[in-house]
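Let's take a friendly tour of a protein model. Have the sequence and the 3D view ready as you read.

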Amino acid sequence: NHMVVIENTAIDQANCLAISHPNTGTNVHPTLNFITFFMGAEPVGAIEGNGVRGVRFITPGADYAEYLPRLNKKEKIKKGAVVAVINGKITKDTTNADQIMVISSGASVAGNDPGKFNRDSHELVSFFGQVMVNVRGKVCLGDYIVPSGLCDGVGVAVNPEKISVKEMNKIVGRAWASSELIGIKSIKTAVGFNFSLPTIK
């Protein structure tokens with residue numbers, strides 16, 4: 001249902017589309033937008049110059065994510081949910097997790113696409129970046145986020161100086177925001193980076 005399709009029917013030429021700009025300078029300035037994406041009149045992304053001899057993709061999305069299948073296809077898992085990865089499949093039951101991850105809240109890249117007919121049995125899981133994670137209880141900037149232990153897709157915050165050895169193996173990421181609210185809320189969390197793990201002393 002696209003408005004425009006560009007198709008190359010020449011069997012001896014594989015290229016389809018080129019975008020050129022008469023820039024003869026050494027660097028490609030960030031003000032040079034090769035492509036801009038809009039929702040109505042509001043720009044929501046772009047491919048622009050990166051200040052050197054290249055381009056960059058601009059988007060509000062703040063993490064790299066991949067589609068992973070649910071362990072139980074009927075399980076309901078929402079954005080920001082803390083999940084266990086078990087042999088490449090995900091579930092909110094973190095009891096026997098190989099790894100603890102989180103469902104992406106707004107990925108800039110969505111990899112491992114199973115195809116539009118199979119996405120209903122998959123979730124987009126964040127591998128690294130900034131993600132809004134569902135957390136219960138008070139959160140301080142710099143706290144580690146770990147599963148609540150209730151298998152409910154919710155995390156809890158732990159002070160870096162008080163984290164246990166058992167909790168160290170279940171770290172989702174590190175809080176980049178604070179909250180005094182006791183209930184469940186979304187907390188900006190850095191995931192997938194080495195600095196999200198505590199130093200072993």
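## A predicted model

Please keep in mind that this is a predicted model.

## The second largest pocket

Which residues line the second largest pocket? You can find Ile77, Lys78 and Lys79 among them, along with the run Ile103, Ser104, Ser105, Gly106 and Ala107. Glu123 and Leu124 also belong to the lining.

The volume of this pocket is about 160 Å³.

## Val55 and its contacts

Now find strand E3, which covers residues 55–58 and includes Val55. Setting aside neighbours within four places in sequence, Val55 touches Phe34, Ile47, Glu48, Gly49 and Asn50.

Val55 and Ser20 are 35 residues apart along the chain, and 12 Å separates their C-alpha atoms.

## Two loop residues with positive phi

Where does Asn112 sit? Its place is the loop that runs between strand E8 (109–111) and strand E9 (122–136). Asn112 has a phi near 55°, a positive value in a residue that is not glycine.

Cys151 is in the loop between strand E10 (144–147) and strand E11 (155–158). The phi of Cys151 is near 55°, again positive in a residue other than glycine. With a relative accessible area of 30%, Cys151 is partly exposed.

Note on methods: Residues are numbered from 1 along each chain as its sequence is written. This is a predicted model: local features need pLDDT of at least 70, side-chain atom pairs count only at pLDDT 80 or more; totals for chains, interfaces and linings use all residues. Side-chain values use heavy atoms; hydrogens and water are left out. On a 1 Å grid over the protein atoms alone, a cavity is a set of points where a 1.4 Å probe fits but cannot get out, and a pocket is an open set with protein on both sides within 12 Å along at least five of seven lines; lining residues have an atom within 4 Å of a point. Grid points are joined across faces, edges and corners, and a volume is the space filled by probe spheres set on the points. Helices (H or I, at least four residues) and strands (E, at least two) are DSSP runs, numbered from the N terminus. Contact means heavy atoms within 4.5 Å. Buried means under 20% relative accessible area, exposed over 50%, partly exposed in between (1.4 Å probe, protein chains only).
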